[in-house]
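Hello,

Here is the structure for you to look through. Please open it first, then read my notes below.

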Amino acid sequence: QCSSPEHVRTFGSAALEIIGRHEGEVLQLLQDDKGLHMIAVFGLQGQALPCAQAMQTVMDLLDCPAVTQNLTCHIGVATGNVFCGVVGSDQRKAFDILGDPVNLAC
């Protein structure tokens, strides 16, 4: 588990760089009693091989000491059709991704 704000920043910076390098987008980064969770998505810009980009990202994340240092990593990958866009009301809106593949990857 990430035990300090500095560890979360180090992890987040390294992971964001790696995910961005493979044309992914980070949707959420949050921490709870089960650990640090990051949800990243690929293919939003119409890339031809989003699954391959996701898998290369996984390999790079696991090879990065700043990401894996003092952490037990669990990574899920799922593919399929999802809804992505702005959801909510006038008082609160957020960009989100909804669908079975999102839940399967978690």
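G88 stands opposite K93 in strand β4. The two strands here are β3 (residues 83-88) and β4 (residues 93-98). They pair in the antiparallel sense over 6 bridges. Two strands count as paired if DSSP finds at least two bridges between them. β3 and β4 form a hairpin, with 4 residues between them.

A word on the source: this is a predicted model, where local features need pLDDT of at least 70, side-chain atom pairs count only at pLDDT 80 or more, and totals for chains, interfaces and linings use all residues. Residues are numbered from 1 along each chain as its sequence is written, and side-chain values use heavy atoms, with hydrogens and water left out.

Helices (H or I, at least four residues) and strands (E, at least two) are DSSP runs, numbered from the N terminus.

Now the other hairpin. β1 (residues 24-32) and β2 (residues 35-42) pair in the antiparallel sense over 8 bridges. E25 has V41 as its bridge partner in β2. The β1-β2 hairpin has 2 residues between its strands.

Next, the helices. The axes of α1 (residues 5-21) and α2 (residues 50-63) come within 9 Å and cross at roughly 150°. Axes are lines fitted to C-alpha atoms, for helices over the stretch in contact, and angles run from 0 to 180 degrees between N-to-C directions. α1 and α2 are therefore roughly antiparallel to each other (angles over 145 degrees count as that).

Which residues make the contact of α1 with α2? From α1 come A15, I18, I19 and R21. From α2 come T57, D60 and L61. Contact means heavy atoms within 4.5 Å. By class, the contact has 4 nonpolar, 1 polar and 2 charged residues. Ala, Val, Leu, Ile, Met, Phe, Trp, Tyr, Cys and Pro count as nonpolar; Asp, Glu, Lys and Arg as charged; the others, Gly among them, as polar.

Last, the salt bridges. The structure holds 4 of them. Each is a side-chain nitrogen of Lys or Arg within 4 Å of a carboxyl oxygen of Asp or Glu. One of them joins E17 and R21, with the closest N and O atoms 2.7 Å apart. E17 and R21 are separated by about one helical turn, because they are 4 residues apart in helix α1.

Best wishes

Note on methods. Parallel < 35°, antiparallel > 145°, perpendicular 65-115°, else oblique.
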